[in-house]
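Here is a walk through one protein model and its ligand. Keep the 3D view open as you read.

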Amino acid sequence: MSLYPTILAVESSCDETAVAVVQDGRTILSNIVASQVDLHRQYGGVFPEMASRQHVLAITPVLEEALTAAQVGWDKIDAVAATYGPGLAGSLVVGLNFAKGLALAQGLPFIGVNHLEGHIYSNWLGDKGREIPQPSFPALILIVSGGHTELFLMHDHGDYELLGHTLDDAAGEAFDKVARLLELPYPGGPPIQKIAATGDPNAFDFPRSLPNDYDFSFSGLKTAVLREVEQFKGEGRERSQLDDRFGPAVVRPLPVADLAASFQQAVVEVLVDRVLQAALEFEVTQVLVAGGVAANGPLRQTLEATLIPRAIPLHVPPLALCTDNAAAIAAAAYWRLQHDGPSPWSLEIAPNLKLAPSPT
Ligand code: KG4
Ligand code: ZN
């Protein structure tokens, strides 16, 4: 019998205001997400000041919706959780203090959750009646989001060993930056995936950077895309200068689909290569993928095609649980509460919070 079966969680670390109610760390009773993405699109990225203001506006209606959808009253909630890091300081403050206030008002225990741990636990969540994998260890965890690209060995609940991380851009950040180069909207992952489906992944031979050990690096790849884009644009300019003397210029349009497909292929290959290498070396019982980039179709398909024939169990959350949500936070809170108990009321935001120390 668990100590805190039903948990209400709040997530506000970036540009999603989310509240969820989860039972036994596994069954989602409600999971409401108010995304601010339309608001930030005009800036080509998250505008921190605007994000925190929007969280203030959205958080109470999102809470009410989550309680209504879960069909539970406060008398059925056993604890309140919130993300306390990593993330944007102004955004984290809103959710953390809101959740603390709720817990105090309702006389409930409170726990702060690491956002990355939430992403991991989204793998062991499901709706009522749906088959979901049981946690088993050692598990290999690939976190690929807008702010993180990290590979962990998870020895047990709460016990993480960092195998490698990105030395520069995160995978999602690379998608977002390349989308901007290709004049596609923010966030870049979904439009790149969409247009890449009509392009040739072998059209451009972009670099696959595999630095030491299990680390990643995506800035060279982004620069390679930038060079191609500049070359196409520069060629257009040169031709139009010739224009006056030699007649109308033939400006080649940017091959957006081929560039997107070749870029995506390079990212997928690097991620899958690292995952396979680590899964074999550490003889893991399962591979779990989490974070926004885990929504990427070709990444999911390539992981499956690589791991399943080698009898390495793979789990990638359903699309809605890949991106930021509060059900994931509630799931991580459940396991943390069993092991560590509630957080002190003095818990503060930790914008640079880590899941495990870097290997020395
Ligand atoms: O985990 P997440 O929702 O937020 C962070 O914690 O960062 O991840 C957002 C990132 C963005 O960079 C977005 O471009 C990327 O996930 N993303 C994708 C896809 N959907 C979202 N990247 C590639 N393919 C997708 N389908
Ligand atoms: Zn996230």
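In which loop does proline 86 lie? Proline 86 sits in the loop between β4 (79-85) and α3 (89-106). Bear in mind that this model is predicted. The bond to look at here is the one joining glycine 85 and proline 86. That peptide bond is cis, with an omega of about -10°.

Proline 138 belongs to the loop between α4 and β6 (139-144). Most peptide bonds are trans, and most residues other than glycine have a negative phi. Now turn to glutamine 71. This residue is not a glycine, yet its phi is positive, at about 55°. Glutamine 71 is placed in the loop between α2 (48-70) and β4.

Next, the ligand. Where does ligand 1 sit? The space it takes is the largest pocket. How many residues surround ligand 1? There are 20, and the closest are Gly146, Asp176, Gln193, Gly292 and Asn296.

Consider which parts of the fold build this shell. Domain 1 (6-125 + 321-340) and domain 2 (139-316) each contribute at least three residues to the shell around ligand 1. Three helices each supply at least two of its residues: α4 (115-121), α5 (171-181) and α6 (189-196). By residue class, the shell around ligand 1 holds 13 polar, five nonpolar and two charged residues.

Now for the individual polar contacts. Two of them involve protein backbone and ligand oxygen. At glycine 146, a backbone N or O atom lies 2.8 Å from an oxygen atom of ligand 1. At glycine 172, a polar backbone atom is 3.1 Å from an oxygen atom of ligand 1. A side chain takes part as well. Glutamine 193 places a polar side-chain atom 2.9 Å from a nitrogen atom of ligand 1. How much of ligand 1 does the protein bury? Taken alone, ligand 1 exposes 560 Å², and the protein buries 88% of that.

Technical notes:
Residues are numbered from 1 along each chain as its sequence is written. Chains are lettered from A and ligands numbered from 1 in the order in which they are written. This is a predicted model: local features need pLDDT of at least 70, side-chain atom pairs count only at pLDDT 80 or more; totals for chains, interfaces and linings use all residues. Side-chain values use heavy atoms; hydrogens and water are left out. A residue is near a molecule or strand if one of its heavy atoms lies within 4 Å of it. A polar contact is a pair of N or O atoms within 3.5 Å; within protein, one must be able to donate a hydrogen and the other to accept it, and residues adjacent in sequence count only if both atoms are side-chain atoms. Accessible areas come from the Shrake-Rupley method with a 1.4 Å probe; for residues, only the protein chains shown count as cover. On a 1 Å grid over the protein atoms alone, a cavity is a set of points where a 1.4 Å probe fits but cannot get out, and a pocket is an open set with protein on both sides within 12 Å along at least five of seven lines; lining residues have an atom within 4 Å of a point. A molecule sits in a cavity or pocket if more than half of its atoms lie within 2 Å of its grid points. Helices (H or I, at least four residues) and strands (E, at least two) are DSSP runs, numbered from the N terminus. Ala, Val, Leu, Ile, Met, Phe, Trp, Tyr, Cys and Pro count as nonpolar, Asp, Glu, Lys and Arg as charged, and the others, Gly among them, as polar. Domain bounds come from an automatic or database domain assignment.
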